[in-house]
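This briefing covers the ligand site and the pockets of the model shown here.

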Amino acid sequence: MSTVTLKSHREHRVTAPSLACRKRRGEPISMLTAYDFTFSRIFDSAGVDVLLVGDSLGNVVQGQDTTLPVTLDEIVYHTRLVSRAASRALVVADMPFGTYQISEEEAVRNAVRCIKEGGAHAVKLEGGTGMASTIERIVRAEIPVMGHVGLTPQAVHRMGGHRVQGRSENGARRVVEDALAVQEAGAFAVVLEGVPEDLARAVTAEIAIPTIGIGAGVHCDGQVLVMHDMLGLSDWTPSFVKAYANLGAQAAQAARAYVDEVTHRKFPDEEHSYR
Ligand code: KIV
């Protein structure tokens, strides 16, 4: 590979440290989930800054009720597909439930797999003060970590459902403490999920690393959505989601048209046959 190629590649890639500069410059960060090569390529060339291989794949790809059953092998596999297509975006692998809570050593080993086998540039894990030493340990292994506080779906059973966090005074204090702990531990950014917008604004002002909001209002340093939700592929979405397309209805219409043409021997026609 020539030096010129290497140089231009480096200039264009979004990196973990570059996101802090974006915050300082007041430039919002865009992040979407992606789980395969095709959508990774589309989102990457559309200029999405960060592609998250979220454990939400448990819901939108596997059809599970929660993210809890997702395995590390599955995240590594999907991360490999996404990183193969992403030439500009930062690729973040979401560490599944049970892969970083048991011991710090295991957390590092599993984070290493996301980088080495998945081709991710960083990992994300859920939790604040309770996960600070684990984040620190992974960062010490030279792996950039994105935190995730507020509504943390892997804690669905503790929270008693997917509930907005930080509405009470104590709850709000906990979210601030969690975000500060994640920053202190060396995370390069933090997802703020399902918190009131005033709290998200306060956290964003309080910490130096970028906040990436989902259901957290407009005052975060960036935004993330699950791709199936924003493309109109999900049956149900929370009220904070905006659908930018209606691909579910379009796909259904295309499938119906195909079934009709096959049934009536209209497809393949002359144009679509070999001679
Ligand atoms: O798994 C996921 O998609 C996530 C985002 C919702 C932030 O964690």
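An oxygen atom of the ligand lies 2.9 Å from an N or O atom in the side chain of Asp55, a polar contact in the sense of a pair of N or O atoms within 3.5 Å. The model is predicted: local features need pLDDT of at least 70, side-chain atom pairs count only at pLDDT 80 or more, and totals for chains, interfaces and linings use all residues. Residues are numbered from 1 along each chain as its sequence is written, and side-chain values use heavy atoms, with hydrogens and water left out.

**Ligand contacts and burial**
- For Ser56, the distance from a side-chain N or O atom to an oxygen atom of the ligand is 2.5 Å.
- Asp94 places a polar side-chain atom 3.1 Å from an oxygen atom of the ligand.
- The protein buries 96% of the 260 Å² that the ligand exposes when taken alone (Shrake-Rupley method, 1.4 Å probe).

**Ligand shell**
- Thr33, Leu52, Gly54, Asp55, Ser56, Asp94, Lys124, His148, Val191, Ile214 and Val226 surround the ligand, each with a heavy atom within 4 Å of it.
- This shell has four nonpolar, four polar and three charged residues; Ala, Val, Leu, Ile, Met, Phe, Trp, Tyr, Cys and Pro count as nonpolar, Asp, Glu, Lys and Arg as charged, and the others, Gly among them, as polar.

**Largest pocket**
- The ligand takes up the space of the largest pocket, where sitting in a pocket requires more than half of the molecule's atoms within 2 Å of its grid points.
- A pocket is an open set of points on a 1 Å grid over the protein atoms alone, where a 1.4 Å probe fits, with protein on both sides within 12 Å along at least five of seven lines; lining residues have an atom within 4 Å of a point.
- The largest pocket holds about 950 Å³ of space, a volume filled by probe spheres set on the points.
- Its lining has 40 residues, and Glu193, Val226, Asp229, Pro238 and Phe240 are the closest to its centre.
- By class, that lining has 18 nonpolar, 13 polar and nine charged residues.
- Elements giving at least two lining residues each include strand E1 (29-33), helix H4 (57-60) and strand E6 (189-193); helices (H or I, at least four residues) and strands (E, at least two) are DSSP runs.

**Second largest pocket**
- The second largest pocket has a volume of about 440 Å³.
- Among its 24 lining residues, Gly150, Thr152, Ala155, Arg158 and Asp178 lie nearest its centre.
- H9 gives the largest share of this lining, four residues.
- The lining of the second largest pocket has seven nonpolar, 12 polar and five charged residues.

Technical notes:
A polar contact is a pair of N or O atoms within 3.5 Å; within protein, one must be able to donate a hydrogen and the other to accept it, and residues adjacent in sequence count only if both atoms are side-chain atoms.
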